[in-house]
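Subject: Structure handover

Hello,

Here is the structure I said I would pass on.

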Amino acid sequence: MAYASRAGRARTSARNPQAHAICDRCGFRFNHVNLSWQFDWAGASLINKRLLVCNRCYDEPQQQLRAIVIPADPVPIINPRVQDFVGASQDTRTTQGNTTDAVTGLPVIGGASRITQTDRVRVKQQTGEPPGGLNETPGTDPNAPGNDDPGLPYDNTDVPETGPLT
């Protein structure tokens, strides 16, 4: 009959005695100094799972469990200035003949106003539906209270009508 040591994989020495311990994963007996604590990521830091495991059972902490640390928002500037979009908009079509301002060196756009075939100012972002739709007057809300004066978009003086689709 063969002899099986009760020490398992632990080393026993009379000159340098060391405590034995059981691996929490595989159940084999090892020297306590050879077992390691199992750590895993939780948020931005490692936490101890309170498992003593042998080298063979030890799992490296999984990086996909690590939280992504996003840096703080930048400090806002003092006294900001917002662009004047109304003043910066243009109603001209860029054509040949652009000039340069002698003082600032900036290009000055030459061109003509955008107009329709009936010499009305063109609506640049016309919204609406084809004839027969629920909103044939683009830029207005048919369900708005007080439809007598729904307001005119894009500095128009009258409500643009949609024509037939051709």
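Helices (H or I, at least four residues) and strands (E, at least two) are DSSP runs, numbered from the N terminus. Read in that way, the protein runs β-β-β-β-α-β-β-β-β along its sequence, which comes to 1 helix and 8 strands.

Two notes on the numbers. This is a predicted model, in which local features need pLDDT of at least 70 and side-chain atom pairs count only at pLDDT 80 or more, while totals for chains, interfaces and linings use all residues. Residues are numbered from 1 along each chain as its sequence is written, and side-chain values use heavy atoms, with hydrogens and water left out.

Overall picture

How much of the protein is buried? Of its 166 residues, 14% count as buried. Buried means under 20% relative accessible area, exposed means over 50%, and partly exposed lies in between (1.4 Å probe, protein chains only). The protein exposes about 14,000 Å², and carbon and sulfur atoms supply 54% of that area. Accessible areas come from the Shrake-Rupley method with a 1.4 Å probe; for residues, only the protein chains shown count as cover.

A contact means heavy atoms within 4.5 Å. Among contacts between residues at least 6 apart in sequence, 24% join residues at least 24 apart.

Strands β3 and β4

Strand β3 covers residues 36-42, and strand β4 covers residues 45-53. The two run antiparallel and are joined by 6 bridges; two strands pair if DSSP finds at least two bridges between them. A42 stands opposite S45 in β4. The hairpin of β3 and β4 has 2 residues between the strands, and G43 takes a positive phi near 75° there.

Two residues of β3 are worth a look. Q38 lies in this strand and is buried, with a relative accessible area of 3%. Leaving out residues up to four places away in sequence, Q38 touches R25, I47, N48, K49, R50, L51, V53, C57, Y58 and D59.

The other is D40, also placed in β3. A salt bridge is a side-chain nitrogen of Lys or Arg within 4 Å of a carboxyl oxygen of Asp or Glu. A polar atom of the D40 side chain lies 3.5 Å from the backbone nitrogen of Q62. Neighbours within four places in sequence aside, D40 is in contact with S45, L46, I47, K49, P61, Q62 and L65.

The salt bridge

How many salt bridges does the structure hold? It holds 1. The side chains of R25 and D59 form it, at 3.6 Å from N to O. This pair links distant parts of the chain, 34 residues apart: R25 is in the loop between β1 (20-22) and β2 (29-31), and D59 is in the loop between β4 and α1 (85-88). R25 counts as partly exposed, at 38% relative accessibility. D59 is partly exposed too, at 41%. Both R25 and D59 are among the residues that Q38 touches.

Strand β1

I22 lies in strand β1. Is I22 buried or partly exposed? Its relative accessible area is 43%, so I22 is partly exposed. I22 is in contact with G27, F28, R29, L35 and L52, leaving aside neighbours within four places in sequence. The C-alpha atoms of I22 and G8 are separated by 9.6 Å, and these residues are 14 apart along the chain.

Positive phi outside glycine

R50 is not a glycine, although it has a positive phi of about 60°. R50 is placed in strand β4 and counts as exposed, at 56% relative accessibility. N79 is not a glycine either, and it has a positive phi of about 60°. N79 sits in the loop between β4 and α1 and counts as exposed, at 52% relative accessibility.

Regards

Definitions and conventions. A polar contact is a pair of N or O atoms within 3.5 Å; within protein, one must be able to donate a hydrogen and the other to accept it, and residues adjacent in sequence count only if both atoms are side-chain atoms.
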